[in-house]
Amino acid sequence: MNFILILTALLAISTLFSFVNARWIRLPGVIGVMVLAIISAIVTVAAGSAMPGFTRLILGLANSIDFSKTLLDVMLGFLLFASALHFDVNKLRDNLRGVLIISTIGVILSTVIFAGLLYELLLVCGINMPFIYCLVFGALISPTDAVAVAALLTKSKMPDRLKTIISGESLFNDGIGIVLFVSFSEVASIPEKNFSLMEAAKLFGQEVFGGLLLGGLLGFVAYRMMRVISDFQTIVMISVTLVLSIAAISGLLHVSAPLAVVAAGLLIGSHCFNRHESIEHSDELEKVWSLADELLNTVLFVLIGLQLVSMIIKPDYLLIGAAAVVILLAARALSIILPIAFLRRSLNMHYNSVAILTWGGLRGGISVALALSLPESPYKSLILTAGFVIVVFSIICQGLTLNKFINILASKRKPLVTE
């Protein structure tokens with residue numbers, strides 16, 4: 001399929017699913033389109049020759065799109081910039097300690113705990129997957145997904161402070177997640193290579209601080225350009241060019257593009273909506289990026305659902321994926337409880353906040369994209385299938401029940417967080 005045909009088919013399917021959901025199903029937008037995409041994928045696999053035209057279309061579309069490259073290299077930058085642009089920087093500043101601890105120490109703890117529990121589970125199931133692959137799986141699935149969080153927490157009843165922490169965490173935890181994923185993947189693909197803490201620290205510094213510096217510099221230049229003009233079209237073009245430039249330059253410098261985009265978005269957003277430093281048409285700019293965010297999210301969740309068509313799924317792997325959901329929730333809870341236990345006074349949170357932060361830790365397309373980017377190995381199919389199960393459960397089950405879960409906890413006598 002050529003590019004125009006792929007784009008047309010993808011947009012047409014996304015539009016159809018969005019219409020059907022809005023007209024009849026009426027689930028939250030991204031959840032509804034993802035459910036319909038998964039149903040279409042299942043029908044495609046089950047129907048086979050009974051519906052040759054539909055089957056060819058879905059199979060051709062799914063096989064023509066490099067999901068990992070499309071998300072990580074193209075869509076992710078725009079989605080993260082849109083999320084960062086309208087993020088309340090003042091709230092982030094007030095909760096920075098909690099955000100940084102959960103997005104760094106919390107991710108490391110979750111990765112190790114998940115890997116250990118998964119390794120023991122697989123041994124019980126008679127699958128001798130090396131521990132390093134369990135660590136790879138833990139590294140790609142432990143960080144919460146900023147795109148999924150932003151899409152599903154918009155109308156959440158989560159307390160503002162916890163919403164700020166979990167949203168901020170999802171924006172910043174890519175740095176440590178990428179370092180762990182790259183480091184463990186290299187060790188897994190080169191058996192004689194040992195994990196080096198020094199190399200991981202060097203990679204972390206390059207990816208994280210390099211990305212933040214690049215995003216800050218380019219974001220400041222873009223902001224200064226926006227502030228001295230009043231032409232709305234040019235302001236929007238500057239913002240789009242900024243995101244694309246960060247993606248291109250980050251690849252050349254080997255720094256974190258997600259963190260660079262987040263830094264640029266936070267910088268511009270903090271100035272745009274400050275009445276003393278605001279640029280003209282700031283409200284309109286936010287609306288443009290909010291619309292782009294919603295449209296790209298719809299397409300992304302359709303793509304996630306359609307990935308099911310091209311996956312090799314074994315029933316045993318689905319069961320392992322279901323067990324991995326429980327393991328990940330336990331690892332997530334422990335990765336929050338342990339820092340709170342040592343830093344409870346400085347974090348100023350009660351233990352009953354852990355339940356909301358655990359259930360609200362959503363996973364999304366980034367985990368699937370990272371799993372797809374793994375080199376071929378006997379364990380890739382298991383990691384991909386189990387990871388897909390976790391993502392689907394996270395978005396559909398956790399996303400749909402989050403507000404009810406919060407209401408149940410809110411009915412308890414103890415407050416969810418201290419003020």
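Setting aside residues up to four places away in sequence, I found Ser40 touching Phe17 and Phe54.

**Confidence**

Mean pLDDT for the protein chain comes out at 89, and 95% of the residues reach 70 or more. I flagged residues 415–419, where pLDDT stays under 50. The model does give that stretch 17 contacts beyond four places in sequence. Still, where pLDDT is low, predicted coordinates should not be read in detail. I left that stretch there.

**Domains**

I looked up the division of the chain next. Domain 1 covers 3–64 and domain 2 covers 68–412. Their centres, taken over C-alpha atoms, are 26 Å apart. The contact draws 24 residues from domain 1 and 19 residues from domain 2.

**Largest pocket**

Where does the largest pocket lie? Both domain 1 and domain 2 contribute residues to its lining, so the largest pocket lies between them. I noted a volume of about 1,200 Å³ for it. The lining runs to 42 residues, and Ala150, Ala151, Leu153, Thr154 and Lys155 lie nearest the centre.

I then sorted the lining of the largest pocket by element. At least two residues each come from α1 (3–25), α2 (29–47), α8 (146–152), α9 (160–172), α14 (282–306) and α18 (380–410). Helix α14 gives the largest share, eight residues. By class I get 18 nonpolar, 15 polar and nine charged residues in this lining.

**Second largest pocket**

I moved on to the second largest pocket, at about 690 Å³. It is lined by 32 residues, with Leu72, Asp73, Ile178, Pro258 and Leu370 closest to its centre. Two or more lining residues come from each of α4 (67–85), α7 (131–141), α10 (174–189), α12 (232–253), α13 (257–272) and α17 (365–372).

Which helix gives the largest share of the lining of the second largest pocket? I found that to be α10, with six residues.

**Helix α17**

Leu370 made me look at α17. Seven of the eight residues of α17 are buried, so this helix is largely enclosed by the rest of the structure. I listed the buried ones as Gly365, Ile366, Ser367, Val368, Ala369, Leu370 and Ala371. What do the buried residues of α17 pack against? My list reads α4, α7, α10, α14 and α18.

**Phe393**

My last stop was Phe393, which I found in helix α18. Phe393 is partly exposed, because its relative accessible area of 24% falls between the cut-offs of 20% and 50%. Its contacts, leaving aside neighbours within four places in sequence, are Val325, Leu329, Trp359 and Gln398. I also took a distance to Ile246: Phe393 and Ile246 are 147 residues apart in sequence and 32 Å apart in space, C-alpha to C-alpha.

Conventions. Residues numbered from 1 in each chain as written. Predicted model: local features only at pLDDT ≥ 70, side-chain atom pairs only at ≥ 80, totals over all residues. Heavy atoms only, no water. 1 Å grid on protein atoms, 1.4 Å probe; cavity = no way out; pocket = protein on both sides within 12 Å on 5 of 7 lines; lining within 4 Å. Points joined across faces, edges and corners; volume = space filled by probe spheres on them. Helix = DSSP H or I, 4+ residues; strand = E, 2+ residues; numbered from the N terminus. Nonpolar A, V, L, I, M, F, W, Y, C, P; charged D, E, K, R; others polar. Domains from an automatic or database assignment. Buried < 20%, exposed > 50% of the residue type's maximum accessible area, 1.4 Å probe, protein only. Contact = heavy atoms within 4.5 Å. pLDDT = per-residue confidence, 0-100.
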